[in-house]
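Thanks, everyone, for making the time.

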Amino acid sequence: MRPDGGTGDDTTTGSLDDDLCVTDCTQCSRLVESRTQIVNGVGPTDASLVFVGEGPGATEDDEGAPFVGRSGTVLDDALGEAGLLREDVRITNSVRCRPPENRDPTSEELDNCRGYLASELAAVDPDAVVALGKVPAENLLGRSVAVTNEAGEVYDARVGETSHRVLVCVHPAATLYDGSQRETFASTIERAAELAGETDDDGSGQARLGDW
Ligand code: URA
């Protein structure tokens, strides 16, 4: 995918997932230095839910997949409690390269990466986009967000050429250093499952996988 989100090839025969992969990007010179590899989104390209984090951490940079470290375990557990499976949702990040010392991505880095995210969201066209933390919430909504106050709120937002329903959520890592965020995080993930209409009516909490 090109920085503007295009594939540059109308005759491409690869899968949509391949088209959504960034294989070579040198727009952010600082991140080119700090990354081991580009971390692309994972999960079905027709998922009902897309989770958007901030950017890869050390484990993600190592393994080449988003949310595979401690935050990922928190996310996976909450998904399970809401009757969802990680394999059935799409997970991606606001920037695809690890910022040095896990600092927040700069606004320039977020701008540079926005075309990739916009194309991914346009292609997947999910029922809801879950912003995991302040950085993705502000990146998607284009304004400052008080995440703790706004967690669980849903807003319509234009990202690139398409509009999406964005659910504000605290970052999973927040639950690790502030136990009071656990309930907020869990209930927001349950809200995401409701928005995707995936929770079974029998109250078993199991997702209807055939719907994915
Ligand atoms: N935190 C993020 O925001 N994204 C990841 O992929 C991992 C941790």
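Let me begin with the make-up of the shell around the ligand, whose residues divide into 2 nonpolar, 4 polar and 2 charged; please keep in mind throughout that this is a predicted model. Going through that shell by name, the residues around the ligand are G53, E54, G55, E60, P66, F67, N93 and H171. As for where the ligand is placed, the space that it takes is the largest pocket.

Now to the backbone, where a N or O atom of E54 lies 2.7 Å from an oxygen atom of the ligand, while a backbone N or O atom of G55 lies 3.0 Å from a nitrogen atom of the ligand. From F67, a backbone N or O atom lies 3.0 Å from an oxygen atom of the ligand. Of the 240 Å² of accessible area that the ligand has on its own, the protein covers 92%.

Turning to the aromatic side chains, a search of the whole structure finds 0 aromatic pairs.

Terms used. Residues numbered from 1 in each chain as written. Predicted model: local features only at pLDDT ≥ 70, side-chain atom pairs only at ≥ 80, totals over all residues. Heavy atoms only, no water. Near = heavy atom within 4 Å. Polar contact = N/O pair within 3.5 Å; in protein donor to acceptor, adjacent residues only side chain to side chain. Areas by Shrake-Rupley, 256 points an atom, 1.4 Å probe, with all protein chains shown as cover. 1 Å grid on protein atoms, 1.4 Å probe; cavity = no way out; pocket = protein on both sides within 12 Å on 5 of 7 lines; lining within 4 Å. Sits in = over half its atoms within 2 Å of the grid points. Nonpolar A, V, L, I, M, F, W, Y, C, P; charged D, E, K, R; others polar. Phe/Tyr/Trp six-rings, centres within 6.5 Å; stacked < 30°, edge-to-face > 60°.
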